[in-house]
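Please look over the sequence and the structure shown below before reading on.

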Amino acid sequence: MTSPMYDVVVVGAGPAGSAAAITAARAGARVALIERGIYPGAKSVYGGVMYLKVLDRILPKWREEIPFERWITKRQTMVLNGSTSVTLIYHDENWGQDPYNGVTCLRSNFDSWLASKAQMEGVDLITATTVVDVKFQKEPSAPVLGVILSNSDHAVGCKSVILAEGALSLLADRLGLSSPNKSQHLTLGVKEVLKLDAATINERFGVTYDQGVDIEILGGLSPLVGGAFLYTNRDTISVGAIVSLESLKRHQVRAEHALEQIKLHPSIKPLIKFSTQVEYLAHLIPEGGWQDRGTLMDQGVYVAGDAASSTLAAGMWLEGVNYAIEMGITAGEHAVRYAKGDSVGDASRLYQDAVKRSFVGKNLKKLRYAPEVMLSEPIQRTLPIVLNKSIGSLFTVTDPLPKPGVTKAIFSAIKEAHVAVVPTVKALLKTIWSFK
Ligand SMILES: Cc1cc2nc3c(=O)[nH]c(=O)nc-3n(C[C@H](O)[C@H](O)[C@H](O)COP(=O)(O)OP(=O)(O)OC[C@H]3O[C@@H](n4cnc5c(N)ncnc54)[C@H](O)[C@@H]3O)c2cc1C
């Protein structure tokens, strides 16, 4: 039998796929990276902020090289209710310097850059073609034969495949590797990119040249449940809403409606005033995390990134790119070992163990109840009301009446939210526990 053309074929040139391809090629494998878009990033959708310390492992000079927009120096959590809001702001000028923290990047630029790094390692990047199937041999010791592309009748031969195809994970579903519950935990993200000149952004958000702001938003989406975000790029703003599919179905409301509500809120509207829409995007997010990871490896096929539900969606944290990269690196390392002769059983166990030991496995496991808690009634409805009403009542001067005091302000707000005290306190404790 002739030797296959590649040791490893990676499906999808998103963050997981390119990181996997770089890692596998460096370990001496012949690698193909196949992307259905006309270039890497052409089909990518995300909110806008990345945490890239994970790249130190494969590209230690990334800080000088990435096509970035702004380094995040202000993180805010804004809780909306009616026409009011309460905002927690954390400002750290040091985040604007090496080693940095978060960074806004446009995915078309970032994904192309990361894939170009794979090409520099000798990876064959094949674009504008979709992998439609994976072919298997009969013998269990060398199961993968290759992949079938949408524009060719011939299989591209390989010894192992990494599925880094993102949230929809059609191939992983077809091969029975996805969790059967994944679709129950999908949310839909809709996002607009709004053009606004850099000087206006700097003035409005209180930042300078390459400093940026990350605002995570809770509340303001009623009757839908979910969250929203606003991030500053160099001369654009990304504003979006992420809503549960279940609530969209239940209320028969479109996700765009939720985004419009956010844009019209008195605390958001002035931030985006006089901007013009340049892009409108929508995409699914797999929020099930650890419980929805499915089968991570079988018969020489590895699953990495959002295809394995690796995004951490836990309210104050929306991190998918760094998790996808870490899982891609791990899949790249292990797929090479498998291509060089590890048995299926060993390889599967070794990959699953490595993912479990990484920050991806540890954080997703630790925070496994957080996504559900964040979408629950007490967080989505009660918290925004109680927080806004109690802070509002404390900050409103009541002369000639005496001030209400903190406890009275909180209990009156709980009463106004029409919820009982005991369940509210229980929900609060559950939330704290799920973030422990
Ligand atoms: C609205 C929204 C906001 C988000 N905000 C953030 C954020 O601010 N920060 C953050 O870190 N994460 C965020 N995320 C999550 C983040 O986008 C994902 O976690 C990350 O993109 C996952 O990377 P990936 O490589 O696994 O998949 P993807 O980025 O989805 O890449 C998959 C690639 O595979 C290609 N592909 C798919 N199927 C095939 C096929 N059969 N053949 C060939 N190519 C194929 C696709 O075209 C794509 O290029 C957000 C997601 C959404 C939807």
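## The shell around the ligand

With three residues, β15 gives the most to the shell around the ligand; helices (H or I, at least four residues) and strands (E, at least two) are DSSP runs, numbered from the N terminus. This is a predicted model, in which local features need pLDDT of at least 70 and side-chain atom pairs count only at pLDDT 80 or more, while totals for chains, interfaces and linings use all residues. Residues are numbered from 1 along each chain as its sequence is written, and side-chain values use heavy atoms, with hydrogens and water left out.

The ligand is surrounded by 35 residues, the closest being Glu35, Gly47, Val49, Arg107 and Asp306; a residue counts as near a molecule if one of its heavy atoms lies within 4 Å of it. The shell is made up of 16 nonpolar, twelve polar and seven charged residues. In this division Ala, Val, Leu, Ile, Met, Phe, Trp, Tyr, Cys and Pro count as nonpolar, Asp, Glu, Lys and Arg as charged, and the others, Gly among them, as polar.

| Residue | Polar atom of the residue | Ligand atom | Distance |
|---|---|---|---|
| Glu35 | side chain | oxygen | 2.6 Å |
| Arg36 | side chain | oxygen | 2.9 Å |
| Asp306 | backbone | oxygen | 2.8 Å |

Taken alone, the ligand exposes 1,000 Å², and the protein buries 96% of that; accessible areas come from the Shrake-Rupley method with a 1.4 Å probe, and for residues only the protein chains shown count as cover. The elements that give two or more residues to the shell are α1 (15-26), β15 (276-286), β19 (317-319) and α9 (321-339).

## The nonpolar cores

In soluble globular proteins, nonpolar side chains tend to be buried together. In this model the largest nonpolar core has 86 residues, and those with the most contacts inside it are Leu52, Leu55 and Phe110. A nonpolar core is a set of buried Ala, Val, Leu, Ile, Met, Phe, Trp, Tyr and Cys residues joined through side-chain atoms within 4.5 Å, where buried means under 20% relative accessible area, exposed over 50%, and partly exposed in between (1.4 Å probe, protein chains only). The element that gives the most to this core is α9, with ten residues.

Not counting residues up to four places away in sequence, Phe110 touches Met50, Leu52, Leu55, Ile66, Pro67, Cys105, Val321 and Ile325; contact means heavy atoms within 4.5 Å. There is also a second, separate core of 29 residues, which includes Met78, Val213, Leu230 and Val239.

## Backbone features

Most residues other than glycine have a negative phi, and most peptide bonds are trans. The peptide bond from Asp98 to Pro99, however, is cis, with omega near 15 degrees, and Pro99 lies in the loop between β5 (84-91) and β6 (102-105). Another cis peptide bond joins Asp399 and Pro400, with omega about 5 degrees; Pro400 is found in the loop between α13 (377-395) and α14 (406-416).

Phe274, a residue other than glycine, has a positive phi near 65 degrees and is placed in the loop between α8 (269-272) and β15. Phe274 counts as exposed because its relative accessibility is 71%. Gln299 likewise has a positive phi, of about 50 degrees, although it is not a glycine, and its place is in the loop between β16 (297-298) and β17 (301-303). With a relative accessible area of 30%, Gln299 is partly exposed.

Leaving out residues up to four places away in sequence, Asp111 touches Ala13, Gly14, Pro15, Pro40, Gly41 and Ser44.

Thr77 belongs to strand β4 (residues 68-81) and is partly exposed, with a relative accessible area of 32%. Twelve residues separate Thr77 and Ile89 in sequence, and their C-alpha atoms are 6.7 Å apart in space. Apart from its neighbours within four places in sequence, Thr77 is in contact with Val86, Thr87, Leu88 and Glu216.

Glu416, in helix α14, counts as partly exposed at 46% relative accessibility. Glu416 and Lys389 are 27 residues apart along the chain, with their C-alpha atoms separated by 8.3 Å, and a polar contact of 3.4 Å joins their side chains.

How values were computed
Polar contact = N/O pair within 3.5 Å; in protein donor to acceptor, adjacent residues only side chain to side chain.
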